[in-house]
Amino acid sequence: MQKLTNERKNKLKKLRAIQKNAIKSGVNWSLLKQYNLICSFNRETNIKGSNKSLILSIIIAFILLVISVIVSNVFLSVRCILPNNFLVWEATRPVADCVYCQNVTRPVILWDVTRRNFANYSYSSKPIIVKNAIKHWRATKEFSFNMFRKLYEGTAGSYESLEDGCQFLNFKSDLFSLQEVFNMPEARARNAPGQEPWYVGWGNCHPDILSKVRQYYDVPEFLPEDAEYPATENIFFGYEIGAVMHLDYIPRLMWQGQVRGNKTWTIAPVPECDHVCKTIEFYVEPGDVVLLDTRIWYHATRIPKGQFSITVQSEYG
Ligand SMILES: [Fe+2]
């Protein structure tokens, strides 16, 4: 068991080194090959002695490698590293009916929304901004980098909850775990002049942390009563660089509350709708909620220089 744990740690170290190289130089054949070889390592160790399974693993790894490279070359023209599930989603999702993005040149902007008048827009695939919807959240005054750092450092098992299946996304940042985020030097954490900007997101899966952070916000009241909601919400925070262009591999529509800072969204149709739909850009301010079907709208975000953005994001559907 100890041997397996050490092997897993070594494997993670190698993967992080590859990710760092990819961030510096872009994804290429050689890096993807290294990535898949390391991903296959653990499987090979566990099934030592079974030649048939080993051959099958190599074939599957090769197919995944080919799909990943084709999709990243053909569909994604951005130089970024994305988790494999994004690539697999793009390769396997149903072909979109372009009606969802036809004639969309800007988001629908709503003010003073109630559940009743939002019903006309519920489950829409059009981009929507609900203005001033979360200004009353305690989070808008009290969420900060230091608040989350104290919460994670003061809760037993907090970082382990992220290793046990709760997602952490580093986008283009060279920070590969929440622990690394909260251990970064204070000057970088506050994006002092000359410091490298950073931007990350994660799910609050630890039950104690989840119940504490939920005291600072609510699921927006205008969302439909009969919708299903996930068991947790995600936090995204950081400076400047935001999220790289991607699709989400999620089962429902996305909502995101802009707690602090401003953010610019760039959204683009899926490739098969390029000829009838446009890439558009919009801007959100603290207190706004963005609603978007991020499974069929490519999306990237950026934050004005010098501003710190915090958002709460989840799904409904
Ligand atoms: Fe996303």
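How many helices and how many strands are there in the protein chain? The protein chain contains eleven helices and eleven strands, where helices (H or I, at least four residues) and strands (E, at least two) are DSSP runs numbered from the N terminus. The structure is a predicted model, in which local features need pLDDT of at least 70, side-chain atom pairs count only at pLDDT 80 or more, and totals for chains, interfaces and linings use all residues. Residues are numbered from 1 along each chain as its sequence is written.

An open sheet of mixed pairing is formed by eight strands in the order β1-β2-β9-β6-β11-β5-β4-β3; two strands are taken to pair if DSSP finds at least two bridges between them. Its edge strands, β1 (108–110) and β3 (168–169), each pair on one side only. Within the sheet, β4 (residues 199–203) runs antiparallel to β5 (residues 234–239), with five bridges between them. Val200 has Phe237 of β5 as its bridge partner.

Of the 317 residues of the protein chain, 27% count as buried. A residue is classed as buried if 20 or more other C-beta atoms lie within 10 Å of its own, as exposed if 12 or fewer do, and as partly exposed in between, with C-beta atoms placed from the backbone. In soluble globular proteins, nonpolar side chains tend to be buried together. The largest nonpolar core comprises 21 residues, and Val130, Val289, Val290, Leu291 and Leu292 have the most contacts inside it. Such a core is a set of buried Ala, Val, Leu, Ile, Met, Phe, Trp, Tyr and Cys residues joined through C-beta atoms within 7 Å. At least two residues of this core come from each of β2 (128–130), β6 (253–260), β7 (263–269), β9 (289–292) and β10 (297–302); β9 gives the most, with four residues. A second, separate core has 15 residues, among them Leu178, Ala243, Val244 and Ala300.

Two positions illustrate the contrast in burial. Leu253, in strand β6, counts as buried because it has 21 C-beta neighbours inside 10 Å. Residues up to four places away in sequence being set aside, Leu253 is in contact (C-beta atoms, placed from the backbone, within 7 Å) with Tyr123, Leu291, Asp293, Glu315, Tyr316 and Gly317. Gly154, by comparison, lies in the loop between α7 (145–153) and α8 (158–163) and counts as exposed because it has 10 C-beta neighbours inside 10 Å. The C-alpha atoms of Gly154 and Ile209 are 9.9 Å apart, although the two residues are 55 residues apart in sequence.
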